[in-house]
Amino acid sequence: MNVILFLHGWGGDGNSFAPILPFFSSFRCLVPAMPMDWPDGAMTLEGYAKFIERYLDAHGVKRCHIVAHSFGARITALLVQRNPSRYGKLVLTGAAGVRKKSVRRWMRVRFNKLFRKPGSVEYRGLCPHGKQTFNHIVNRDLRPDIKLIMHEVLLIFGEHDTATPVRHGRIWNRLVLGSRLKVYKKAGHFAYIDQPLRFVNDVLTFLG
């Protein structure tokens, strides 16, 4: 299998993978730009999964590995259930999808709703359909889906990641039987940018 599908994070695009793609020249690398505008209504994770499946069909890909960042890992969790045999090994970095409720989080959200203008600058800039999409995605706890993953999985998290902290990586690691977790020092949410050579070496070794 010589195809790698790279899935970018929320609000980003495939350009974030540009610095590391030359190191994967022995593979056919596909980097779809996932839609971030919603003229026809809000999107669901299932909608994004279908978008990726149509993309692979259009490019004649019957089987591929996946390297996914953050939001891309959410989509991956659904993709590999919908058609397990289509996907090989999975590399998930800064993987999102774990939503843990806590009293502190609940109090912070309530405070922001009562006394501050709700939502981040990025969130407030979204159109109504975009806000519906965002809320659907971030409020969905994918742990029931994650534990059904039966593929070989390499998890890479940055020690200083505040968006998807290392404790979320440990949850992924516990839920996916046989998965491997690597934590990069001096790296944040974009471990593949903060530690590119280590990331490339780990991924190439993992893919064999």
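## Basis of the report

A residue is called buried when its relative accessible area is under 20%, exposed when that area is over 50%, and partly exposed in between (1.4 Å probe, protein chains only). By this scale Arg 86, at 8% relative accessibility, counts as buried.

The structure is a predicted model, in which local features need pLDDT of at least 70 and side-chain atom pairs count only at pLDDT 80 or more, while totals for chains, interfaces and linings use all residues. Residues are numbered from 1 along each chain as its sequence is written, and side-chain values use heavy atoms, with hydrogens and water left out.

## Packing of helices H1 and H2

Two packed helices are described by the angle between their axes and the distance between the axes. Helix H1 spans residues 45-58 and helix H2 residues 71-82; they pack at an angle of about 75 degrees, and their axes are 9 Å apart. The axes are lines fitted to C-alpha atoms, for helices over the stretch in contact, with angles running from 0 to 180 degrees between N-to-C directions. H1 and H2 are therefore roughly perpendicular to each other (angles under 35 degrees count as roughly parallel, over 145 as roughly antiparallel, 65 to 115 as roughly perpendicular and the rest as oblique).

On the H1 side, the contact (heavy atoms within 4.5 Å) is made by Leu 45, Glu 46, Tyr 48, Ala 49, Lys 50, Ile 52 and Glu 53. H2 contributes Phe 71, Arg 74, Ile 75, Leu 78, Leu 79 and Arg 82. Of the residues in this contact, eight are nonpolar, five are charged and none is polar. Here Ala, Val, Leu, Ile, Met, Phe, Trp, Tyr, Cys and Pro count as nonpolar, Asp, Glu, Lys and Arg as charged, and the others, Gly among them, as polar.

## Salt bridges

The whole structure contains six salt bridges, each defined as a side-chain nitrogen of Lys or Arg within 4 Å of a carboxyl oxygen of Asp or Glu. One of them joins Arg 86 and Asp 57, with an N to O distance of 2.6 Å. Arg 86 lies in the loop between H2 and strand S4 (87-93) and Asp 57 in helix H1, so this pair ties together parts that are 29 residues apart in sequence. Whereas Arg 86 is buried, Asp 57 is exposed, at 51%.

Arg 143 pairs with Asp 141, their closest N and O atoms being 2.5 Å apart. Arg 143 is partly exposed at 28%, and Asp 141 is partly exposed at 25%. Within helix H9 (residues 196-207), Arg 198 and Asp 202 are four residues apart, a separation of about one helical turn. Their salt bridge has its closest N and O atoms 3.7 Å apart; Arg 198 is partly exposed at 38%, and Asp 202 is buried at 12%.

Technical notes. Helices (H or I, at least four residues) and strands (E, at least two) are DSSP runs, numbered from the N terminus.
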